[in-house]
Amino acid sequence: MKRTRGEKIFHAINAVFLSLLGLTCLFPLVNAAALSLSDTQAIVSGRVSVFPVGWNLEAYQSLFERTRIASAFQNSVIITVVGVILCMVVTTLTAYPLSRRIFFGRRFLTLVMVFTMLFSGGLIPTYLIVKSLGLLDTYWALWLPGLVSTYNLLVMRTFFENIPEEVDEAARIDGCSETGLLLRIYLPLSKPMLATLTLFYGVGLWNAFMSVLIYINDTAKFNLTVLVQNMIRSQNLLQEIVASGEQIQVVPESLKAAGVIVMVLPMLLVYPFLQKFFVKGVMLGSVKG
């Protein structure tokens, strides 16, 4: 159908508005990247906005040589990778039986899980349970309380329910067991949804902040998010890092920006590989019919 003139104007205005909104959201990240790569004098004089002024990698060199950012990066990778594997395995093993119509009590169990989206025990009871289990100062305190996201569970369950029953029946005629049905039929057909939920869990674990502050006391086990936040808030720490450099001259603003870029960059690199599955996985898993 050919668009009218009014529709063309409306879509043009929408495109301009959304483009400006997107640029506004992108500007802080671009500015941080420019600050981390700019010359010290340019940063001090306030001449850095979008593009780097006088390319300089001393901030990153100082960051990796004089802080624990390398070990914090390793901790973040461990928390994210192991956490995503555990979350996806448990979520899959929970969503699959709830999607089977022959499973007794699936409606009751689903309502119980939805109830947890509205009401929770709260921070103090959760902390006491984690402490009583002896999980303080371990990464299990980060993984176990959030092992299953109810929203992700419902998305996965609905996706499984939307798979045609004919596929199920054909697999059973060929002698496929429930385990084989899940591993050979359902999971291969669910790649968009699995990629989407992996991204959801991965971003949440990579950006874990409050849970690390609450449950982890050993600074050597801090992840990248907490380390960068502490570095940004502590002016004394920044001054010590700057003063410790004999030949490298950086300013606190450049160190802050470099820390933010190191923290954000891995997710920016991973997202393009999952983008093609993202919208398709969410739409197919959230709408039944």
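The model is predicted: local features need pLDDT of at least 70, side-chain atom pairs count only at pLDDT 80 or more, and totals for chains, interfaces and linings use all residues. Residues are numbered from 1 along each chain as its sequence is written, and side-chain values use heavy atoms, with hydrogens and water left out.

First, the fold. The chain has 15 helices and 0 strands; these are DSSP runs, H or I of at least four residues for helices and E of at least two for strands, numbered from the N terminus. Of the 289 residues, 37% are buried, meaning under 20% relative accessible area with a 1.4 Å probe, protein chains only.

Next, the aromatic pairs. There are 8 of them. Rings of Phe, Tyr and Trp (its six-membered ring) pair if their centres lie within 6.5 Å; planes under 30 degrees apart count as stacked, over 60 as edge-to-face and the rest as tilted. Tyr96 and Phe160 sit 6.1 Å apart, centre to centre, with planes at 80°, so this pair is edge-to-face. Tyr96 is in helix α4 and Phe160 in helix α8 (residues 150–162), so the pair ties together parts 64 residues apart in sequence. Both Tyr96 and Phe160 are buried. Together with Tyr186, Tyr96 and Phe160 form one aromatic cluster.

Tyr139 and Trp143 make a tilted pair, with 6.1 Å between centres and 55° between planes. Tyr139 and Trp143 are also buried.

Last, what lies on helix α4? Ile85 has its place there, in residues 69–99.

Notes. Buried means under 20% relative accessible area, exposed over 50%, partly exposed in between (1.4 Å probe, protein chains only).
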